[in-house]
Amino acid sequence: MIQQIVILSLIITAIHACTWDGMILAKPREWLGDLLDKWNISILRKPLFECLTCMGGIYSIIIYPILFGWSWYIIPVALGVIGLNTIISILIAKVYE
């Protein structure tokens, strides 16, 4: 289960990093962000691409069954990913201070 948490966390961190300014998914992030703002559902920005911690829960539920098949372990794994992503986001913030 620890390996699954680390794998999912690194995948989600990679997706998050790819949406930073100047990265490959920066333009799609801007386009989607504008679309969400236009539709008045900007609350979805955080779990989709802005907040690494928020992304952990949503993306874990999407990616876990694809990689590992369906299991009730998805719940503790998703919680572990959220926790690890919180630590990673704090470390990233410290680096870019």
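**Entry 1**

I began where helix α2 ends: N40 follows α2, and its phi is positive, near 60 degrees. Helices here are DSSP runs of H or I with at least four residues, numbered from the N terminus. I must remember that this is a predicted model, in which local features need pLDDT of at least 70, side-chain atom pairs count only at pLDDT 80 or more, and totals for chains, interfaces and linings use all residues. Residues are numbered from 1 along each chain as its sequence is written, and side-chain values use heavy atoms, with hydrogens and water left out.

N40 has this positive phi of about 60 degrees although it is not a glycine. I found N40 in the loop between α2 and α3. Is N40 buried or exposed? N40 has a relative accessible area of 69%, so it counts as exposed. The cut-offs are these: buried is under 20% relative accessible area, exposed is over 50%, and partly exposed is in between, with a 1.4 Å probe and protein chains only.

**Entry 1: α2 itself**

I checked the length of α2, which covers residues 26-38. Its 13 residues should span 18 Å at 1.5 Å a residue, and the end C-alpha atoms are 18 Å apart, so the two agree. The expected span is 1.5 Å times one less than the number of residues.

Next I listed what is buried in α2: A26, R29, G33, L35 and L36. These buried residues pack against α1 and α3 (45-50). Contact means heavy atoms within 4.5 Å.

**Entry 2: K46 in α3**

I moved on to K46, which lies in helix α3. K46 has 46% relative accessibility, so it counts as partly exposed. Which residues does K46 contact, leaving aside neighbours within four places in sequence? They are C51, C54 and M55. I also took one distance: K46 and G33 are 13 residues apart in sequence, and their C-alpha atoms are 9.9 Å apart in space.

**Entry 3: α1**

S9 counts as buried because its relative accessibility is 1%. Beyond its neighbours within four places in sequence, S9 is in contact with V81, L84, N85 and I88.

T13 also lies in α1. T13 is at 14% relative accessibility and so counts as buried. T13 touches L52, N85 and I88, not counting residues up to four places away in sequence.

**Entry 4: α1 against α4**

At what angle do α1 and α4 pack? Helix α1 (residues 2-18) meets helix α4 (residues 52-68) at about 120 degrees, and their axes are 9 Å apart. That makes α1 oblique to α4. Axes are lines fitted to C-alpha atoms, for helices over the stretch in contact, and angles run from 0 to 180 degrees between N-to-C directions. Angles under 35 degrees are roughly parallel, over 145 roughly antiparallel, 65 to 115 roughly perpendicular, and the rest oblique.

I noted the contact residues. From α1 they are Q4, I7, L8, I11, I12, T13, I15 and H16, and from α4 they are L52, M55, G56, Y59, S60, I63, Y64, L67 and F68. By class, this contact of α1 with α4 has twelve nonpolar, five polar and no charged residues. Ala, Val, Leu, Ile, Met, Phe, Trp, Tyr, Cys and Pro count as nonpolar, Asp, Glu, Lys and Arg as charged, and the others, Gly among them, as polar.

**Entry 5: α4 against α5**

I finished with α4 and α5. They pack at about 140 degrees, with axes 8 Å apart. On the α4 side, the contact residues include L52, G56 and Y64. On the α5 side, they include V81, N85 and I88. This contact of α4 with α5 has eleven nonpolar, seven polar and no charged residues.

Technical notes: Helix = DSSP H or I, 4+ residues; strand = E, 2+ residues; numbered from the N terminus.
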